[in-house]
Each structure stands twice: as C-alpha cells, then as structure tokens.
Amino acid sequence: MYDLIVVGGGPAGLAAARAAAEEGLQKILIAERDGEPGGILNQCIHNGFGLHYFKEELTGPEYALRFVRMIQKTQVEMKLDTMVLDVRPDLTVSMIGRAEGYQVHEARSVVLAMGCRERTRGALAIPGARPAGILTAGTAQRYVNVEGYMVGRRVVILGSGDIGLIMARRMTLEGAKVLACVEIMPYSGGLARNIAQCLHDNDIPLYLSHTLVDIRGRDRVEGVTAAKVDDLKNPVPGTEFTLDCDTILLSVGLIPENELTRKAGISMDERTRGAYVFDNMETTTPGIFACGNVVHVHDLVDYVTLEGERAGRAAAAYVNGGCGSADARTIALRADGDVSYTVPQYLRLSGEDAGSVPVFFRVRRNIVEGTVVVRDGDEKVAAFTRKHMSPGEMERIALPLRLLGRVRAGELSITVEKVAS
C-alpha cells in the first residue's frame, strides 16, 4: 500500500509529491500517462516561468527539470506511460501501463493533478466545411516545438487565450504570417503581458467582439470570414470581412480534466468545472486532494506549484492523522457580483489565529480601481484594493486567520465594490 498516489506528473503533481516527501511520507507514487514527467511545460519552450517561485525567468522545460531533479533526490516512485483508469472513494487506484500492464493499488491518500485540456472545434458553432488545417493552439505548439513540424504559413488565431497568443508569436518567429487574432469577448482571455509581447510587438491585430462565421476550403483551409458580434454574441450583418489563410489555431478555453474526479463521486463546482475543495485542497471525499489546473485553470505555473505543495502537505497530514478534523469549523465562500468563482470554496478553521488563507478568483469583466470586499453577512471583514482586474488574469487575496476566527455566519461573500469603470 502506498502512503500517497499522485495522478499526474505535471507541475502540480511533482510539487505535491515533493512536499509530501518532505513531510515524511515514505511510499509515494506518481502515475504519469506521458513518457516524460513535466506535463505541458515540456512543450512550452518560451521563457517567463518561475518569476514568483524561483525569482528568476525560466523556460517551461527548465522549470519542469528543476522539480524532476528534486523528485530524483527523494524516494518517490514514478510510473511513466501509465494511464490511471479509476480512482475510488476507498482510495483504490487502478491504472494501466506499457511496462506493467493493468495494476490496482491501494493508498492512504490520493492527489488528483491531471491538468486540463483544450476546447476543440466540436465545442464551437462555426459554420463551414471541415478541411485540414484547423488545430488547437496546444496541438500546434507540440507539433512545432517538440515534433518539429510547421503547421501552416498563413494563420488566423480564434480566441485570445494565453496559448494562442504565445503561438501567434511562435509562428511568426518560424516565418509564418499571422493575419489576426479574433476574440468573441470584448476583452482578451490572456495575460496583458502576452498581449503586449506576442501581438503588439509583432504587429498582429486583435479583433475584440468578433468571431468567425465561415471557413472556406475543401481539402485544406483556404480562408475565413470574420464578423463583429453584438452584446448577445450574434454576428452583426454588414460587418463581415475575409482573411485568406491556410491554418486556423483555436485558443477558445481550457477545461479541467475531471473524468476521474466525477467517477470518484467527488462534488463538482459548475463554475470552475473542478472539484469543490477546502483551503488545504482536500475534496469532499476524505483523503482525496486536488490541485492545479484540474481544480481551476491557472495563468501562472508558480501558483500551480504552490497549490500542489499545499495539497501534498495536507495529504501527509491526513495520513499522519492531522487533517480534516471533525472538530474544525467550516466556512463557505460565496462569489458575488463581478466575482465569478473562488478557490477554495470552503475554509476549515481549527482555532489557530496565525497566518492566512490564500483565495484565488476571477472577475467577470474588466474593472478599474475596484475594491475586493469580503463580508460576513452585512459586516465587512476585509477589503483589498486593485488598480485593474480582468477576466483573463487570476486574482489572489490572503484572508488572515485571526479575522476568520471571528466570523459569525457560516458563509463569507466575496465581491467587488467601488468600481470606477
């Protein structure tokens, strides 16, 4: 029997396993379906990783390698080319691997760190034919950066998520012509720095409140028709324009990879499409923890790592009998108004008054000079000013435990007030 089984060997899983090992767990297993640990970082060859965690700028593979080397200094076991098939509430995990075939392992705790996947064209209502040349941005990134294939010469990006923005720059550097980035929302879905560095620096136009209304081509994409959309996201007649291209890259959102979570009977949050979690990243099923993009989609891998470490430490505490005490008081967090969700969704207080609890959230629209307000009923518990917030960038506040201990209600609301525009 393992003390801990970690499902996924990306940045969240590696961080969780390392933290659990540092807390004294002896038998830890990481099950990773790919042939190498590191997850999506292995194909992210651009820099910009590690500024918060390592205080220096790294590429994705460099960031992953640092954690792989940390893991190699521990007794953590890693099974590569191994797909987890099932996680049961009794902490039994079944998996199948290329080397060992079908296996069933028992664990004292489990950390879910499966990451997320891209939305495909099937999730979109784009009329037109189904020619070759339509790829998700992440697939194109792997083809170009890992496999060494050039996916197109004249490119249109649909959506403005961070992977699409980064691929706009990458394709330009490889000699392709990126004609435009077309975004249906009135704001970008990516980080401001990626808008500046990937689009503006390469003179790539960004069409906000626009979408594709037609795709031309039989065997290969030959062009697209774009149009402006109204407030209901319907195309506005008379605003159409065409772009002659041979490739469309889709950057239209990421979905937490939670099939295993649902099969385990864990309660899910429809807003994040991830599990409901407590402040220590434990799910509603005792002994099963979740962290990283499988809980909610992150912007920065540094925060994924910190969540993984929190889950790993909590899993170790659970195995050692010090986590999820029945005597702990539970406070629910409710997202109100312009706050679309919070992670965690529940806080579990044990009477300690030191330290703070990190709470992540996103807003529904661009906000300038806003104040994030935490309320206990009608009473204001805490307030945090922000000069700018946007849906494309995850926000973080730290709630002091000394304040939470005085909360009277069983629920705290988090909203944005004093909005200038």
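Me: Contact here means heavy atoms within 4.5 Å. On that basis, which residues in H1 meet H7?

Reply: The model is a predicted one. In H1, Pro-11, Ala-12, Ala-15, Ala-16, Arg-18, Ala-19 and Ala-20 take part. Their counterparts in H7 are Val-301, Val-304, Thr-305, Gly-308, Glu-309, Gly-312, Arg-313 and Ala-316.

Me: And by class, how many residues of that H1 and H7 contact are nonpolar, polar and charged?

Reply: The contact of H1 with H7 comprises 9 nonpolar, 3 polar and 3 charged residues.

Me: What about the axes: at what angle do H1 and H7 cross?

Reply: The axes of helix H1 (residues 11-22) and helix H7 (residues 301-319) cross at roughly 40° and come within 7 Å. Angles under 35 degrees would count as roughly parallel, so H1 and H7 are oblique to each other. Their crossing is right-handed.

Me: Now H2. How far apart are the axes of H1 and H2?

Reply: The axes of H1 and helix H2 (residues 60-72) are 10 Å apart, and the two helices pack at an angle of about 30°. H1 and H2 are therefore roughly parallel to each other.

Me: Is the crossing of H1 and H2 left-handed or right-handed?

Reply: The H1 and H2 crossing is left-handed. On the H1 side, the contact involves Leu-14, Ala-15, Ala-17 and Arg-18; on the H2 side, it involves Ala-64, Phe-67, Val-68, Met-70 and Ile-71. By class, 8 of these residues are nonpolar, none is polar and 1 is charged. Ala-15 and Arg-18 also belong to the H1 residues that meet H7.

Me: Changing topic: what is the order of strands in the open sheet of 5?

Reply: The order is E11-E18-E12-E13-E14, and the pairing is parallel. Strand E11 (134-136) and strand E14 (206-207) are the edge strands, each pairing on one side only.

Me: How many bridges join E13 and E14?

Reply: Strand E13 (residues 177-182) pairs with E14 over 2 bridges, in the parallel sense. Within that arrangement, Cys-181 stands opposite Leu-206 of E14.

Me: Which helix lies across E11 and E18?

Reply: Helix H3 (residues 137-147) does so, lying across E11 and strand E18 (247-250). Relative to E11, H3 runs at about 90°.

Me: Let us turn to E30. Why is E30 described as largely enclosed?

Reply: Strand E30 (residues 411-417) is largely enclosed by the rest of the structure because 5 of its 7 residues are buried.

Me: Do E23 and E30 run parallel or antiparallel?

Reply: Strand E23 (residues 329-335) and E30 run parallel and are joined by 4 bridges. Leu-333 has Leu-412 as its bridge partner in E30.

Me: And how many bridges join E27 to E30?

Reply: Strand E27 (residues 367-376) is joined to E30 by 5 bridges, and these strands run antiparallel. Val-373 has Thr-415 as its bridge partner in E30.

Me: One last residue. Where is Gly-287 found?

Reply: Gly-287 belongs to the loop between strand E21 (274-275) and strand E22 (288-290). With a relative accessible area of 0%, Gly-287 is buried.

Me: Which residues does Gly-287 touch, not counting those up to four places away in sequence?

Reply: Gly-287 touches Leu-91, Ser-109, Val-110, Glu-282 and Tyr-318 on that count.

Me: How far apart in space are Gly-287 and Gly-189?

Reply: From C-alpha to C-alpha, Gly-287 and Gly-189 are 34 Å apart, and in sequence they are 98 residues apart.

Technical notes:
Residues numbered from 1 in each chain as written. Predicted model: local features only at pLDDT ≥ 70, side-chain atom pairs only at ≥ 80, totals over all residues. Heavy atoms only, no water. Pairing = 2+ DSSP bridges. Axes fitted to C-alpha atoms, helices over the stretch in contact; angles between N-to-C directions. Parallel < 35°, antiparallel > 145°, perpendicular 65-115°, else oblique. Left-handed = near helix turned anticlockwise from the far one by under 90°. Nonpolar A, V, L, I, M, F, W, Y, C, P; charged D, E, K, R; others polar. Buried < 20%, exposed > 50% of the residue type's maximum accessible area, 1.4 Å probe, protein only.
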